[in-house]
Amino acid sequence: MFHYDAIDAAMVADRNAEFRDQVQRRLSGDLTEDQFKPLRLMNGLYLQLHSYMLRVSIPYGALTSAKMRALAHVARRWDRGYGHFTTRQNVQFHWIKLSDTPDVLDYLATAELHAIQTSGNCIRNTTSDPFAGAAAEEVDDPRVWSEVIRQWSTFHPEFTYLPRKFKIAVTASPQDRTAARAHDIGLVLRRNRDGRLGFEVIVGGGMGRTPYIGSTIREHLPAEHLLSYLTAILRVYNRFGRRDNLYKARIKILVASLGAADFASQVDAEWDAMDRPRLDLPDLELARIRASFGLVPFRTLPPRSERFEAARSDPAFARFARNNVVPHKIPGYGIVQVSLKGIGEVPGDCSADQMEVLADLAERHGHGEIRVTHEQNLVLPHVPLGEVPALYAGLAAAGLATPNINLVSDMIACPGLDYCALANARAIPVAQAISRTFADPARAERIGELKIKISGCINACGHHHVGHIGILGVDKKGEEFYQLTLGGSGAEDAAIGHVLGPALGADKVADAIDKLVEAYLAIRQPDERFLDTYRRTGVGPFKAAVYPDAHQA
Amino acid sequence: MSEALKVLTANDLAGGQVVFLSEAGWSDRYADAVIFDDAAAADAALEAARAATLTLADPYLIDVAAVDGLPVPTSYRERIRALGPTIHPDMGPQADGGVLVQALQQARGAARSSGRLGLIRRK
């Protein structure tokens, strides 16, 4: 696991001291709210509906047991006993006081945690594969490159005041668990025919009010040139990105207006003109970073664990094993996914008690590593198969063994109008209603993979555009309504969903999802996921199921 | 007949919690809020709140309608703000309960005035 060096620690300490002074000056009246707001936003502190919210960075979604315990302590001491894991692999505390924030940040720093790059128009925390270092099919450890990007981007003087926020995702597996194509830059690491590592560079994806799937501007960027090439992209964006219109300021708008080919040639011109060796990472530093991620002391185990197989005689464990455990690159190990989508619970929420249980279980069974997924779940990436039954028992006792990963009740939901000052409608109660509708785990398994994603406003933190079923909350004449979209995907088959029909009242949504699912079950062919059936048949049967009275065109 | 009723709200600067202007300064309880029926008085109070930058963040006026004689924010956003998160009835001012909390919880959509203004203590 990567640890901060003295330079990182000093940077965080300096930043915390600076912010402590800024908070003090705000509270004493030396700073106005207008002066202070951009400063607090550069330290992850938002003013939400009921309180301040502190967003704590979890770089590339990688936590240790020690960090998880620190989050639990913050939740208990300065918040209301829980935290909320987000679609950006971060964690949010929804009840933080401004006056406590400097102490919270100082405490977090003792566990190598901070709120840097969780807000503001900078390069944000890099998204990466929660299975990094564990997935059998990955060509390299994407955390190495995510950490390279972190070191390069943190407080980068040229890229701290971009036209708008900027999000990068790195994946090194063919199966995309990062929504790379919906990021400002998506980086997909591959080996070419000569065995050389290189990135497919995808630019201009994004959600929000103008969703785009990113365009590939380079098929195979030699990995060693990552930083100079990223610099070239950021420079073109910084120069030409629109600062006159908040809604047109993201790089996706620039790429769409220039066209991907034109944008790529501008980047190439910039890249050709720059002093690349000065910008690219020295091999020695790359080796240092790489070494710090390769230290998991895996044991040599038989590929099949008798204890694991015997435990399958318990149907509940068998269900958990089917849905939440996936193969590891090392024989005899498994990747265990922990759902934060208990039936009727708040997606992504985790109590301080649960955090501590997870920290203990990860230490006991998983080399002390915990990952956060962009789908608001957690992962213990390195668990010996023989220890999965004991891990399962520990998770079940803490209400963390819901066997629904990738199933209908494993929904993304943004905080919505229950917390968020930007929201137009609530998202969590809709997710809870759908979750209860599909509470039967056997039925959920029969339905198979189905990704429902819910946003409480067009900013799309809940990724609704790329949901197999997307749900967008809107305010219609003072009432909460919900617009359904079908056919989106945030994975390697990325697509933006299409609007199904007129928005529905809050009490109609769960029933409509039920009808969509029944329509799918009635017409699916063998091995078809909901998304596959939709892609084969088009919207017709689904529209008819939800809007039976509408005249078909 | 429609009379524009207003309540002045903000977030407490240090704590972040929602506050309302009451007869006795700023209160965490919506039930304490002064109901303005005079636009000029409401605007003057807002100006004063904007000057109180040592204690407040983001003051603004919200629309209120009389529903069965009780002052209810017309927008559901402001009702949720006055109550706390709907998914956690034990959190926020709603935890205290009371007639007004119930009225806010029961209001639907854009709350409309029922016209029974006489029952409301106004300023």
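At what angle do the axes of helix α13 (residues 352-365) of chain A and helix α14 (residues 388-397) of chain A cross? The two axes cross at roughly 175° and come within 10 Å; here axes are lines fitted to C-alpha atoms, for helices over the stretch in contact, and angles run from 0 to 180 degrees between N-to-C directions. α13(A) is therefore roughly antiparallel to α14(A), a label used for angles over 145 degrees, while those under 35 count as roughly parallel, 65 to 115 as roughly perpendicular and the rest as oblique. From α13(A), the contact draws on A:Val357, A:Leu361 and A:His365, and from α14(A) on A:Ala390, A:Leu391, A:Gly394 and A:Leu395. Two residues are in contact if their C-beta atoms, placed from the backbone, lie within 7 Å. Sorted by class, this helix pair brings together five nonpolar, two polar and no charged residues. In that scheme Ala, Val, Leu, Ile, Met, Phe, Trp, Tyr, Cys and Pro are nonpolar, Asp, Glu, Lys and Arg are charged, and the others, Gly among them, are polar.

A word on the model itself is in order. The structure is a predicted model, in which local features need pLDDT of at least 70 and side-chain atom pairs count only at pLDDT 80 or more, whereas totals for chains, interfaces and linings use all residues. Residues are numbered from 1 along each chain as its sequence is written, and chains are lettered from A and ligands numbered from 1 in the order in which they are written.

Chain A contains 19 helices and 21 strands, where helices (H or I, at least four residues) and strands (E, at least two) are DSSP runs numbered from the N terminus. Its radius of gyration is 23 Å, close to the 24 Å that the globule rule gives for 553 residues, so chain A is as compact as a globular protein of that length. The radius is taken over C-alpha atoms, and the rule is 2.2 Å times the number of residues to the power 0.38. The C-alpha trace of chain A spans about 60 × 60 × 60 Å along its principal axes. Of the 553 residues in chain A, 54% are buried, meaning that 20 or more other C-beta atoms lie within 10 Å of the residue's own; 12 or fewer make a residue exposed, and values in between partly exposed, with C-beta atoms placed from the backbone. When contacts in chain A between residues at least 6 apart in sequence are considered, 67% join residues at least 24 apart.

The domain assignment divides chain A into domain 1 (6-110), domain 2 (142-293), domain 3 (306-397) and domain 4 (413-546), with bounds that come from an automatic or database assignment. The C-alpha centres of domain 1 and domain 3 of chain A lie 28 Å apart, and their contact takes 21 residues from domain 1 and 20 residues from domain 3. On the domain 1 side, β3 (62-64), α3 (65-77) and β4 (82-85) of chain A each give two or more residues. The largest share of this side, seven residues, comes from α3(A). Its class make-up is nine nonpolar, nine polar and three charged residues.

Most residues other than glycine have a negative phi. A:Tyr60, although not a glycine, has a positive phi of about 45°; it sits in the loop between β2 (52-56) and β3 of chain A and counts as buried, with 27 C-beta neighbours inside 10 Å. A:Gln89 likewise has a positive phi, of about 60°, and is found in the loop between β4 and β5 (91-96) of chain A. A:Gln89 is buried, with 26 other C-beta atoms within 10 Å. By contrast, A:Asp275, in the loop between α8 (260-273) and α9 (276-279) of chain A, is exposed, with 8 other C-beta atoms within 10 Å.

Chain B has three helices and five strands, running β-β-β-α-β-β-α-α from the N terminus. Buried residues account for 39% of its 123 residues. Among its contacts between residues at least 6 apart in sequence, 60% join residues at least 24 apart. Finally, 24 residues of chain B are in contact with 24 residues of chain A. On the chain B side, β4 (56-67) and α2 (76-83) of chain B are the elements that give two or more residues, and α2(B) gives the most, with four. That side divides into 11 nonpolar, 10 polar and three charged residues.
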